[in-house]
Amino acid sequence: MQDFINDLPALAKDKHNENKRFFGKLKKKTPKDLDRVMEKLHDEEFAKTDCLECGNCCKTTGPLFTTKDVDRIAKHLKMKSHQFESQYLRIDEDNDWVLKETPCTFLAADNYCMIYDVRPKACREYPHTNRKKFHQISSITMHNVEICPAAYNIVEKMKSMMDLEHKSNRRK
């Protein structure tokens with residue numbers, strides 16, 4: 001697994017233009033069942049992928065924190081929200097609350113999250129491959145395939161599945 005994680009940025013870079021074209025086509029002509037297909041691919045991939053073996057998302061990137069996230073986590077840690085913000089967060093160039101540093105402060109050595117039950121919404125939904133209106137988040141997905149082996153595999157399966165569908169429709 002670690003070899004795949006190490007190779008992921010280069011693999012994603014090699015596929016970047018192909019993925020960009022693919023997502024461009026998806027935006028122009030979105031299959032009506034895309035969300036159902038994505039949910040199925042997501043479920044199949046995560047039935048065999050154990051995030052605890054990887055943890056690359058927590059090691060290399062940080063989530064955005066909503067006000068609700070901050071309040072919930074601060075309460076869990078028995079802190080005031082402003083204390084949590086000043087200790088763990090900073091405001092980024094997009095004016096969003098993000099972690100001051102990576103890897104995530106709450107990532108344990110065994111890849112378990114120390115605040116798992118109250119983790120940010122962005123962490124709960126990562127890598128967003130089963131999100132409704134999937135075609136609208138192509139830029140997020142393009143970024144996530146560089147980080148998440150499961151997201152990379154899902155996108156590759158989706159491209160091959162859509163390509164097969166396209167070829168099948170041309171023959172009819």
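The model is a predicted one, in which local features need pLDDT of at least 70 and side-chain atom pairs count only at pLDDT 80 or more, while totals for chains, interfaces and linings use all residues. Residues are numbered from 1 along each chain as its sequence is written, and side-chain values use heavy atoms, with hydrogens and water left out.

**The whole chain.** Begin with the protein chain in cartoon view, where there are eight helices and three strands; these are DSSP runs numbered from the N terminus, with helices being H or I of at least four residues and strands E of at least two. Read from the N terminus, the order of elements is α-α-α-β-α-α-β-β-α-α-α, and the C-alpha trace spans about 65 × 30 × 30 Å along its principal axes. Of the 172 residues, 35% are buried, where buried means under 20% relative accessible area, exposed means over 50%, and partly exposed lies in between, with a 1.4 Å probe and protein chains only.

**Helix 1.** Select residues 2-28 next, and look at H16, on which a kink of about 55° is centred; the bend at a residue is the angle between axes fitted to the seven residues ending there and the seven starting there.

**Helix 2.** Move on to helix 2, whose 15 residues should span 21 Å at 1.5 Å a residue, in agreement with the 22 Å between its end C-alpha atoms; the expected span is 1.5 Å times one less than the number of residues. Colour L34, V37, M38, L41, H42 and E45, which are the buried residues of helix 2. They cover an arc of only 135° around the axis, which puts them on the same side of helix 2, the arc being that of the directions from the helix axis to the C-beta atoms. R36 and A47 are exposed on the other side of helix 2. K40 also belongs to helix 2, and K40 is partly exposed, with a relative accessible area of 44%.

Select L52, in the loop between helix 2 and helix 3, together with D110: the two are 58 residues apart in sequence, yet 7.4 Å apart in space, C-alpha to C-alpha.

Most residues other than glycine have a negative phi, and most peptide bonds are trans. In the loop between strand 3 and helix 6, select N111, which has a positive phi of about 70° although it is not a glycine. P103 is found in the loop between strand 3 and helix 6, and a cis peptide bond joins T102 and P103, with omega about 0°. Further on, Y126 and P127 are also joined by a cis peptide bond, with omega about 5°.

**The largest pocket.** Finish at the largest pocket, which has a volume of about 1200 Å³. On a 1 Å grid over the protein atoms alone, a pocket is an open set of points where a 1.4 Å probe fits, with protein on both sides within 12 Å along at least five of seven lines, and lining residues have an atom within 4 Å of a point. Of the 48 residues that line the largest pocket, the closest to its centre are C57, A122, C123, R124 and Y126. Helix 6 gives the most to this lining, with five residues.

Technical notes. Points joined across faces, edges and corners; volume = space filled by probe spheres on them.
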